[in-house]
Amino acid sequence: MTDDVIYIVTEDRPEASPGEKGLLDRIGLKQVPVDPKKLEIEWNRMLRVVGKLLAQAEQQVGGESDLKLDEVTLAVEINSKGQVSLMGVGGAEASGKGAITLKFKRAESN
C-alpha cells in the first residue's frame, strides 16, 4: 500500500485492537485504509461499464422514439477492500460500506 491512503468507515471490520476506545469503536465502526490506486482502478472500471450501458440505453430508446436520456442517478458503494459496485433496489442493505450517489445530467445545449 502507498503512503497515501483513503479511509473507509465500515462495520465490516477486523477485530479491534486491545484498548481501542475511540468513538467509532464504541458504535461498532472502524476506519479501514484503502489503497487509492486500487480504488481508482475499481472506480474507473465501474464508470466505464456504466458509460457503455447508458450509451446503449440512449441509442435504443432514441432510435425508437423521441425520448432522450436526460438524467441518471446511481448509488455506488465502496467496501472495506476498495471494491466499487452499484447498489441495487435493496440499497438499504449497504450497511458497512461507503455509499456515494452519482447524478449524471445532460449538459444543456445552447
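**Figure 1. The structure holds three salt bridges.** A salt bridge is defined here as a side-chain nitrogen of Lys or Arg within 4 Å of a carboxyl oxygen of Asp or Glu. Side chains of opposite charge can pair when their charged atoms come close. The model is a predicted one, in which local features need pLDDT of at least 70 and side-chain atom pairs count only at pLDDT 80 or more, while totals for chains, interfaces and linings use all residues. Residues are numbered from 1 along each chain as its sequence is written, and side-chain values use heavy atoms, with hydrogens and water left out.

**Figure 2. Glu-40 pairs with Lys-37 in a salt bridge.** The closest N and O atoms of the two residues are 3.5 Å apart. Because Glu-40 and Lys-37 stand three residues apart in helix 2, about one helical turn separates them. Helices (H or I, at least four residues) and strands (E, at least two) are DSSP runs, numbered from the N terminus. Glu-40 counts as partly exposed, at 40% relative accessibility, whereas Lys-37, at 51%, counts as exposed. In these terms, buried means under 20% relative accessible area, exposed over 50%, and partly exposed in between (1.4 Å probe, protein chains only).

**Figure 3. Lys-38, Glu-42 and Arg-45 are linked in a network of salt bridges.** The side chain of Glu-42 meets that of Lys-38 at 4.0 Å, N to O. Glu-42 also meets the side chain of Arg-45, at 2.7 Å, N to O. Within helix 2, Glu-42 and Lys-38 are four residues apart, about one turn of the helix. Arg-45 and Glu-42 are three residues apart in helix 2, so about one helical turn lies between them. Glu-42 is buried, with a relative accessible area of 14%. Lys-38 is partly exposed at 35%, and Arg-45 is partly exposed at 36%.

**Figure 4. The largest nonpolar core has 11 residues.** Such a core is a set of buried Ala, Val, Leu, Ile, Met, Phe, Trp, Tyr and Cys residues joined through side-chain atoms within 4.5 Å. Its members include Ile-8, Val-34, Met-46, Val-76 and Leu-102. Helix 2 (36–64) and strand 3 (71–78) each supply at least two residues of this core. Strand 3 gives the most, with four residues. In soluble globular proteins, nonpolar side chains tend to be buried together.

**Figure 5. Strand 3 and strand 4 form a hairpin.** Five residues lie between the two strands, and Gly-82 in the turn has a positive phi of about 85 degrees. Strand 3 pairs with strand 4 (residues 84–86) in the antiparallel sense over three bridges. Two strands are said to pair if DSSP finds at least two bridges between them. Val-76 stands opposite Leu-86 in strand 4.

**Figure 6. The protein chain contains two helices and five strands.** Along the sequence, these elements follow the pattern β-α-β-α-β-β-β. Of the 110 residues in the chain, 22% count as buried. Among contacts (heavy atoms within 4.5 Å) between residues at least 6 apart in sequence, 60% join residues at least 24 apart. The chain exposes about 8,200 Å², of which carbon and sulfur atoms supply 52%. Accessible areas come from the Shrake-Rupley method with a 1.4 Å probe, and for residues only the protein chains shown count as cover.
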